[in-house]
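Biologist: Can we go through the charged pairs in this one? Keep it quick.
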Amino acid sequence: MEDLFQVGAVTGTHGLRGEVKVYPTTDEPKRYEVLKDVVLDTGKERLSLKIAHVRFFKQIVIVKFAGLNDINEVEGFKGAKLYVSRENALELREDEYYFADLAGLRVQTEEGEQLGIVKDILQTGANDVYVVGREHKKDLLLPAIKDCVKEIDVEGGRMVVHLLPGLLEASEGGAK
C-alpha cells in the first residue's frame, strides 16, 4: 500500500503572487477546501507545502501555497504532481478503495483460477472497469460491480471475481 495519493497536477501559474493552477485528479475537487498539507513532486524533488487558500475556476483549482508569494517561486512547479498522505486522504465509504491499494492485486475466479493482476482502472460513466493484465493474452476488462467482483482482500493481495458470461470471450476477441 502506498502512503501518498495523487490529488492534482499543476498546469501553470496564475497571476504574479505565487498562485498555481491545479487540475484535480480526485473524485472530490471540493476536498481542496479542507486540504491543508500536500506533497509537491517535481520529478526531481519532493516538497511538503502548506496550502494558504484555494478558489475554483471552471474545472481548475487555484492554489496559493503558504510562504510562496511570487510567480518566480512557483514557475518551476508546472507539470508537478500534488499528493496527500494516507492520513490526509478522504475517508472511504464501504466498498470503496484507493487505486493504489488495488493496483497489483492478484485476480482469481471463485473457483481459484488465476486470471492476472490489476494494472489499471478505467472510469466510465456507469461504473469503473478493472484492467487485468494477463500473461501472453489480451487484458481482461472487469466491470467493478457486485455481480462480478465478489471479494477484495487488500491485505491478502487478491480479488475474487465471478466471470459474467462473455467477459473472457470479449477479451480474447471471440465476442461478436
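This is a predicted model: local features need pLDDT of at least 70, side-chain atom pairs count only at pLDDT 80 or more; totals for chains, interfaces and linings use all residues.

Biologist: How many salt bridges does the structure hold?
Modeller: There are 7. A salt bridge here is a side-chain nitrogen of Lys or Arg within 4 Å of a carboxyl oxygen of Asp or Glu.

Biologist: What does D41 pair with?
Modeller: R46, at 3.3 Å, N to O.

Biologist: Is D41 buried or exposed?
Modeller: D41 is buried, at 18% relative accessibility. R46 is exposed, at 54%. The cut-offs: buried is under 20% relative accessible area, exposed is over 50%, partly exposed is in between (1.4 Å probe, protein chains only).

Biologist: Next one. Which residue forms a salt bridge with K119?
Modeller: D139, with the closest N and O atoms 2.9 Å apart. That pair links distant parts of the chain, 20 residues apart. D139 sits in the loop between strand 9 (128–133) and strand 10 (140–143), and K119 lies in strand 8 (residues 114–123). Strands are DSSP runs of E, at least two residues, numbered from the N terminus.

Biologist: And how exposed is D139?
Modeller: Partly, at 28%. K119 is partly exposed too, at 48%.

Biologist: What about R158 and E151?
Modeller: They form a salt bridge, closest N and O atoms 3.1 Å apart. Shared partners join E151, D153 and R158 into one network of salt bridges.

Definitions and conventions:
Residues are numbered from 1 along each chain as its sequence is written. Side-chain values use heavy atoms; hydrogens and water are left out. Helices (H or I, at least four residues) and strands (E, at least two) are DSSP runs, numbered from the N terminus.
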